[in-house]
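Me: Got a structure to go through with you. Can we start with how far to trust it, then look at some packing?

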Amino acid sequence: MSSDELYRVKFSSSRNQRQQTPLNTSALHWQRQQYGYELDELLRRRLLASPAYVDRLEQEALLAGHEGCVNCLEWTTDGLWLASGSDDFRVMIWDPFRKKRVHVISTKHLGNMFSVKFLPKHNNNIVATCAADKFIYVYDINHSNETLFSCNCHLMRAKRLATAQDSPYIFWSAGEDGCILQLDMREPHHCRPEEGNGVRLLRLYNQVDGTTEAKCLAINPMRTEYLAVGANDPYARVYDRRKLPSSSGNDLSACVAYYAPGQIVKNITRNIVHESRAITYLTFNGNGTELLVNMGCEHIYRYDLNSAAPPVFYELPVFTSPIAHDEEVEVEQVKVPHRSRSLPSSIEVHKKQGNEFLEKGELVAAIDAYSAALAMYPQGEVLYLNRATALMRRGWFGDIYAALRDCHEALRLDPGYVKAHFRLARALLELHRPQDADKCLQAFIQRFPTFANNHGVLMLNKDIKENRRQSQNTEPPEPEPVAMEDGFRYMRLSDAEYELRSTARDYMQRYVGHCNITTDIKEANYLGSRGEFIAAGSDDGNFYIWEGDTGKIRAVYRADSAIVNCVQPHPSICMVATSGIDHDIKIWSPCAASAEERPNLVADVMRDVEDNQKKMRTDPFELNTRNTYCFNN
């Protein structure tokens, strides 16, 4: 009997009589409280993110009571209560298992509420809030008429709060003034200006420029000295807060690393360029070894903090003998002698499926098939090459760089892989690195001289020369000078900031399909203690669930009439709370009678996914193309 079945049998029966009941997470949680925690750790983890449970998620309850958009959700550590914050300036505490509201706090806020947090080790009684009015408040939910603590040291909107389990009285805030505050409830606090510097842990505007905003932050749950910060740029920053604030005023000395996908880092410049990409949410995994980042106008990225390294664009492995390989999928017009390549039969099935999808132009399905095969058989270089082919044809944000990564992996496994070498040169050119593309192609001709006069090689060589000629004749545009107190001058990155951006560490996995362009509070979270699944909201009114290891979309659910911003998995059981523009909170659990009976499941996922990619390519100033239900931006 599997662990899932064992759990259902054990806890779907009463003390005196077995009975078959729907797999309802609320009932499971209540019965665990009644009968004790008799499950071992393996069963607990399977309960949290078992594929059988995830495939039966459906809306279990709707918690209504707010009179505005619900912008933030937070579970208690024990998972018994859920807090919600809204544009109606109220915090509501819910018991989702009894589907009732247990507390209401009418806060002093006068702006949209963006974050609510339970302070740890206070018996679920103390909550902190922050909002667009720049204020931070702390309340005892049992005596909500008065605040325990207040702060308005932020000069612009306060966007996100963070707590640490080992610090019951200390919490942190991120504001659009570019500051990270560290607040201690035990210390007397007087706000700006005389005390402001005392609580300011970090000033991002000192590192870049005065327009830098802090959008979100997170504390590493296992090593709470590490602080992750997301700003209105594509770089996730991790700091050692023991070194903050810096006595020298150089906060970059406390920075451990920057993290950004390679396509961001590829053509970095010293000029300060303001762009639409921003990090709307980031979070550590449960054991503090990974960082998950939701990037506005882009995708979701997962970073391995222990082994992440800067991206590699052009680097060839040592090559000893020219052994050519063929594959069923054609790569440009390079012809190589036929050589059969054997894969395990179960992997061959996925490969053939991917090839069929590729031939029919169903590129997302092809990529999913190859990714599923690679998750089971990561030493299949032909799978990397075929996936690179599909990625380059699809051409969504980051696809060309992802294809380049696959080419590198195929060549690492087989340095004599002709097609992977050729496609690497093509990817480098499409990433606007013609010098590297030229080096790669010349190395290709040197290693495989019989292909020197191949039509595909000649055409690529021609494209590279034309690209280099155009780049030499086209000077990069000069940045506009900015008015400063001492006159007009150009805005440039400091040497330290430029170095950190140039060496930003690359991602381990990315998750594609949702849309994140309208609000700047959209979340992405781990679903499962080991990141078995990833969940996030979207501008299309859906929330998405991806497989953690393959990046494949597992399910999409209709969860809001406009936008889903908040997706908060329960800390110990398979349950998810979502909210957005609608004035309610939806609770999702594996309560569907079967995987086929899920009324809120989106059937035509590809239509929504493709529409989302089109939206992300629109001009951000064309408001008629944007969803204008909420003005969090």
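**Confidence first**

Reply: This is a predicted model. The chain has a mean pLDDT of 87, with 83% of its residues at 70 or more.

Me: Where does pLDDT stay under 50?

Reply: Over residues 1–23. The model still has 41 contacts there beyond four places in sequence. Residues 483–489 are also below 50. That stretch has eight contacts beyond near neighbours in sequence.

Me: OK, helices. At what angle do helix 9 and helix 10 pack?

Reply: About 165°, with the axes 8 Å apart. Helix 9 covers residues 381–394 and helix 10 covers residues 399–413.

Me: Parallel or antiparallel, then?

Reply: Roughly antiparallel, because the angle is over 145 degrees.

Me: Is the crossing left-handed or right-handed?

Reply: The crossing of helix 9 and helix 10 is left-handed.

Me: Which residues meet there?

Reply: From helix 9, Glu-381, Tyr-384, Arg-387, Ala-388, Leu-391, Met-392 and Arg-394. On the helix 10 side they meet Asp-399, Ile-400, Ala-402, Ala-403, Asp-406, Cys-407, Glu-409, Ala-410 and Leu-413.

Me: And how many are nonpolar, polar or charged?

Reply: The contact has 10 nonpolar residues and six charged ones, with no polar residues.

Me: Switching topic. Where does His-103 lie?

Reply: In strand 5, which spans residues 100–106.

Me: What does His-103 touch beyond four places in sequence?

Reply: Trp-81, Val-91, Met-92, Ile-93, Ile-141 and Asn-142.

Me: What separates the C-alpha atoms of His-103 and Ile-141?

Reply: They are 6.8 Å apart, while the two residues are 38 residues apart along the chain.

Technical notes
Residues numbered from 1 in each chain as written. Predicted model: local features only at pLDDT ≥ 70, side-chain atom pairs only at ≥ 80, totals over all residues. Heavy atoms only, no water. Axes fitted to C-alpha atoms, helices over the stretch in contact; angles between N-to-C directions. Helix = DSSP H or I, 4+ residues; strand = E, 2+ residues; numbered from the N terminus. Parallel < 35°, antiparallel > 145°, perpendicular 65-115°, else oblique. Left-handed = near helix turned anticlockwise from the far one by under 90°. Contact = heavy atoms within 4.5 Å. Nonpolar A, V, L, I, M, F, W, Y, C, P; charged D, E, K, R; others polar. pLDDT = per-residue confidence, 0-100.
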